[in-house]
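Walk through this structure one piece at a time. Keep the sequence and the coordinates side by side as you read.

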Amino acid sequence: MIKALYGNWGLVATALVGFALMVGLPNVLDLYDLLQVTVYIIYAILALSLAFIWGYGGILCFGHSAFFGLGAYTYAIAAINMGESTAPMAMAILLPAALAAALGYFMFYGRISDVYVGVITLTLTLIFYNVVNSTAGAEYHIGRALIGGYNGIPNIPSLNFPLSPDDALDPTAMFVLCMAVLMIVYFGLHGLLATRFGRVLVAVRENEQRVEFLGYDARLHKLVAFSIGGAIAGLAGCLFATWGNYVSPGIFGVQQSAQIIIWLMVGGAGTLLGPMLSAMALSWLTAELGTQQFVNAGAVLGAILLVFVLLVPRGMAPMVAERLVRWLPAPRRPARLTHELAQKGKV
Amino acid sequence: MSPPLIQTRGLTKNFGGVQAVRDVDFSLAEGELRCLIGPNGAGKSTFFKLLTGQLKPTSGSVLLRGKEITRLHAHEIARLGIGIKTQVPSVFNGLSTHDNLWIAAARHHGRRAAARVVEEQIERLALGLFADQPVGQLAHGHRQWVELGLVLCGDPDLILLDEPAAGLTEEERVRTAALIRDINRSHPLIVVEHDMSFIRTIARHITVFDRGTILMEGDVGQVFGNQAVRDVYLGKRVAA
């Protein structure tokens with residue numbers, strides 16, 4: 001037990017910090033800051049979903065906001081119609097997952113190459129953007145919910161405690177929920193990546209052909225991973241819609257999609273912690289830049305991306321990990337009697 | 001009589017107007033080690049890819065122990081017990097040697113058994129020094145052996161090797177040849193190879209390809225002594 005904890009000290013430390021923040025922050029921050037931090041956490045969940053499918057699955061999803069936005073709109077429309085939030089939340093997870101599964105089926109079983117996967121996913125989110133954007137007017141509604149076109153959907157019901165529609169979550173409860181979801185997603189993905197499925201998924205990223213030669217169905221692994229990513233992005237979208245009680249077509253925009261990719265590139269594709277932290281840091285930075293008129297926030301983000309692509313192409317987390325590896329205990333298997341083995345290994 | 005381990009009937013592959021493989025009837029018995037040779041463009045590699053499901057034939061069929069496998073996907077063919085080593089080492093460059101082999105072993109074994117199989121292969125291939133290193137950082141020869149290890153971890157019924165000696169140093173070639181002979185004690189093999197001196201060290205039976213068809217089949221002595229083979233491929237210098 002103690003050995004296992006020591007071997008995974010990084011995860012244990014992350015869990016402790018996360019738990020401390022979940023309990024401590026509501027007592028320290030004022031309401032405004034707590035709301036801001038909550039949305040950064042929602043972005044971190046979104047970043048994790050792309051970190052999983054892109055960083056580990058090697059699926060170049062350029063239009064990840066499609067699933068985020070679909071989750072948000074699904075929740076909004078379902079919650080307005082149903083007047084409670086539990087079923088809409090489930091739908092906001094399942095519908096994007098189903099969309100990802102359907103799209104993934106055609107892309108992966110049709111052996112579409114990586115570049116075109118990028119193009120197709122980007123196109124997908126732009127289709128959503130244009131369709132939703134042009135549905136202003138009373139004739140476009142689903143049940144009681146007006147889709148609202150470029151005006152978006154206002155007055156989306158907040159989340160309520162399951163089975164009690166009148167008992168809505170206050171900002172503190174919402175913060176704790178988002179933090180808990182973030183930790184569940186983070187540790188869930190960690191656990192998943194340690195299973196055979198997760199390890200084979202990484203192998204698919206490395207060499208799809210070899211995975212097939214070993215008897216694994218690479219297409220199925222990508223499909224399942226893509227669907228899980230879609231589900232998590234949808235969940236983040238649901239939280240986002242309920243956080244601001246508002247959603248607009250901009251959620252499907254290129255800017256939103258690009259932002260997720262920037263979080264991933266800066267934090268480090270191939271890690272979970274990196275994109276998660278960089279999503280929070282960059283969202284904070286974007287918000288700060290928004291308070292002044294001197295430079296455009298988009299330009300700064302672009303510059304940051306350029307700097308990272310040129311100078312730290314693997315992102316923050318791998319770089320920091322390499323610098324730290326000498327100072328911290330690393331989970332390693334015992335050294336082998338390698339020389340001896342090499343000597344007697346002659347067949 | 002039991003059916004041959006692997007057999008092709010009238011196997012043909014066209015690329016546009018070019019017939020890369022033309023009406024090939026080939027069969028391999030259990031336990032055999034067969035070398036496929038032939039000049040560049042003879043259709044060896046295409047034939048190899050047809051056997052492994054990387055390419056689908058224009059016509060004809062491939063049978064594994066009498067069972068049709070022609071239209072199966074590469075991973076389904078692999079599951080039936082065919083292990084493949086490609087010409088350019090096809091490995092997981094970003095993963096360590098250990099993790100590479102684990103992926104292969106975990107297909108067939110549970111956690112504990114997979115760990116044991118991996119250790120066995122690391123020892124057999126003398127890759128202990130590199131067990132924790134990313135395979136992408138290893139020398140070409142070691143990558144070739146890691147790939148051989150990937151194939152062996154699956155304990156396949158039939159092993160196909162595409163130019164296993166390509167790009168190896170003399171010393172590495174000697175070891176690879178020894179490995180192949182050792183593997184053949186328990187596994188039938190088909191080896192596509194260019195290198196004549198390497199062929200001589202491992203081959204018993206040889207199939208010679210020329211212009212998409214089988215020119216001749218026979219044991220080493222017959223093939224190297226055959227005038228037609230010399231003309232298309234070996235040249236008098238090698239055969240002498």
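In chain B, B:Leu33 stands opposite B:Leu189, a residue of β8(B). Strands here are DSSP runs of E of at least two residues, and helices are runs of H or I of at least four residues, each numbered from the N terminus. Two strands count as paired if DSSP finds at least two bridges between them.

This is a predicted model, in which local features need pLDDT of at least 70 and side-chain atom pairs count only at pLDDT 80 or more, while totals for chains, interfaces and linings use all residues. Residues are numbered from 1 along each chain as its sequence is written, and chains are lettered from A and ligands numbered from 1 in the order in which they are written.

Now widen the view to the sheet. β3 and β8 sit in an open sheet of six strands, ordered β6-β7-β8-β3-β9-β10 in chain B. Its pairing is mixed. The edges are β6 (82–85) and β10 (213–219) of chain B, each pairing on one side only. From one strand to the next, the twist averages 15°.

Contact between residues requires C-beta atoms, placed from the backbone, that lie within 7 Å. Helix α1(B) touches β3, β7 (158–162), β8 and β9 (205–210) of chain B. Its direction makes about 150° with that of β7(B). Axes are lines fitted to C-alpha atoms, for helices over the stretch in contact, and angles run from 0 to 180 degrees between N-to-C directions. Helix α6 (residues 170–184) of chain B touches β3, β7 and β8 of chain B, at about 155° to the direction of β8(B).

Next comes an open sheet of four strands, with the order β2-β1-β4-β5 in chain B and antiparallel pairing. β2 (18–28) and β5 (67–68) of chain B are its edge strands. Strand β1 (residues 6–15) of chain B pairs with β2(B) over seven bridges. Within β2(B), B:Phe26 stands opposite B:Thr8. Which strands does helix α1 (residues 44–51) of chain B touch on this sheet? They are β1, β2 and β4 (59–64) of chain B, and the helix direction makes about 60° with that of β2(B).

Overall, chain B has nine helices and 10 strands. Its radius of gyration, taken over C-alpha atoms, is 18 Å, which agrees with the value near 18 Å for a compact globule of 240 residues. Of these residues, 48% count as buried, meaning that 20 or more other C-beta atoms lie within 10 Å of their own.

Turn to chain A. Helices α11 (residues 254–267) and α13 (residues 297–311) of chain A pack at about 35°, with axes 9 Å apart. The contact residues divide into eight nonpolar, no polar and no charged. Ala, Val, Leu, Ile, Met, Phe, Trp, Tyr, Cys and Pro count as nonpolar, Asp, Glu, Lys and Arg as charged, and the others, Gly among them, as polar.

Finally, the chains meet. The contact takes 21 residues from chain A and 27 residues from chain B. On the side of chain A, α8 (196–206), α9 (208–213) and α15 (338–344) each give two or more residues. The largest share, five residues, comes from α8(A). That side divides into eight nonpolar, five polar and eight charged residues.

Conventions: Rg over C-alpha atoms; globule rule 2.2 N^0.38 Å. Buried ≥ 20, exposed ≤ 12 C-beta atoms within 10 Å, placed from the backbone. Contact = placed C-beta atoms within 7 Å.
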